[in-house]
Amino acid sequence: MQIVNSQISIEKTNHSRIKEQDINNSPFGKVFSDHMLVATYANDSWQEVKIIPYGNIPICPSLSVLHYGQAVFEGLKAYKSPMGKPLLFRLEANYKRINESAFRLCMPSIPEEIFIDGLKELIRLDVDWIPNQSDSTLYIRPIYFATDESIALRPANSYKFIVICCPTGTFYSAPVKLIVTDKYVRAFEGGTGATKCAGNYGGSFLADKEAKQQGYDNVLWLDGKEKKYIEECGTMNVAFVINDVVITPKLTGSILGGITRDSVLTLFRDMGVKVEERLISIDEVVKAYEMGNLSEAFGMGTAATIAHISTINYQGKDMILPTVDERKYASQVLQKLEDIKTGKITDPYGWVSQL
Ligand code: COI
């Protein structure tokens, strides 16, 4: 069925796949909802915006994104309130960030009517795909990439912006084990580390693979210049609780400005917790651990939400951190954040939007 909603044409699927899926128990990124939003940029303007059944898109071998990697993405989540109302968390922040990433990769900005209105329309259509179970959510993945059929080395003239959704359970099922690498770097000053460009993730896979081979979940990255200061862990920003102060690496330009990071810091400050955004060296963390002053470490990301870090390996030695029961900061802020996201408590920050 074809309907047109202002500028967005909608073609509904004739066969919903929802009954074939256990949406409350889906692993991250494997099951996709019935529809997707597709917008096309060509001839210097945004042309066509449509919602169509989720499915394949045509690619040709000369597709410019395959050659030069002009691709950025976002991640956000939809929740259900206790009354069953669909809620989106920090949609405007994701909108702002995708255009910042696009700017860095020389891509045209995406209009609000496409990102915000189009995404909301998509979620309205696939609202039944938002899980009902408290630890499951609908993860929304906007992607934006170059589509010139050309291998000319220049920013492309045509692009696609697509939004797909997947119901997903917890990203990390247990506290995470990280290993510090000084063999590889994720980013460096002046590079693309602060953006959510696809290459940042592809470029980290080898280090991640080696971390897993050694029994860790992921890498804890150090800065690209001195290999001294902690940056992030690739799937999430990180924070440490030392002497009851929450310390997180400041946004130096090579770290992703995480939206969960920003939310967590805001909540901590409003809870009266002392927060420091500054350079933090791995040596400082090791010293705090040795002195018994490192009580918690945790990650912050959309997919991961807040993930306790149980172990940090540096130069062959494991730092085993206190058990989750002994921690108070990350667990408290996680509860507060989840309550705001799901509409259980009032959102004084304007973070939550209704459809
Ligand atoms: C997110 O948290 O949304 C991300 O994009 C990071 C990645 C783990 C998928």
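Domain bounds here come from an automatic or database domain assignment. The model is a predicted one, in which local features need pLDDT of at least 70 and side-chain atom pairs count only at pLDDT 80 or more, while totals for chains, interfaces and linings use all residues. Residues are numbered from 1 along each chain as its sequence is written, and side-chain values use heavy atoms, with hydrogens and water left out.

View 1. The protein chain is divided into domain 1 (2-168) and domain 2 (176-341), whose centres, taken over C-alpha atoms, are separated by 28 Å. In contact terms (heavy atoms within 4.5 Å), 19 residues of domain 1 meet 21 residues of domain 2. The two domains bury about 1,700 Å² between them, 62% of it on carbon and sulfur atoms; buried area is the accessible area (1.4 Å probe) that two parts lose on being put together, summed over both. On the side of domain 1, F73, F89 and R97 lose the most area to domain 2, together 35% of what that side buries.

View 2. Between domain 1 and domain 2 the count is 1 salt bridge, a term for a side-chain nitrogen of Lys or Arg within 4 Å of a carboxyl oxygen of Asp or Glu. The side chains of D262 and R90 meet in a salt bridge, at 2.8 Å from N to O. Helices (H or I, at least four residues) and strands (E, at least two) are DSSP runs, numbered from the N terminus.

View 3. S101 is found in helix 2 and, at 2% relative accessibility, counts as buried, where buried means under 20% relative accessible area, exposed over 50%, and partly exposed in between (1.4 Å probe, protein chains only). Not counting residues up to four places away in sequence, S101 touches V72, T195 and K196. S134, found in the loop between helix 3 (112-125) and strand 8 (137-146), is exposed, with a relative accessible area of 63%.

View 4. E121 and R124 form a salt bridge whose closest N and O atoms are 3.0 Å apart. Being 3 residues apart in helix 3, E121 and R124 are separated by about one helical turn. E121 is buried at 13% relative accessibility, whereas R124 is partly exposed, with a relative accessible area of 40%.

View 5. The closest N and O atoms of R261 and E277 lie 2.8 Å apart in a salt bridge. R261 lies in helix 6 (residues 259-270) and E277 in strand 14 (residues 274-278), so the pair ties together parts that are 16 residues apart in sequence. R261 is buried, with a relative accessible area of 4%, and E277 is partly exposed, at 35%.
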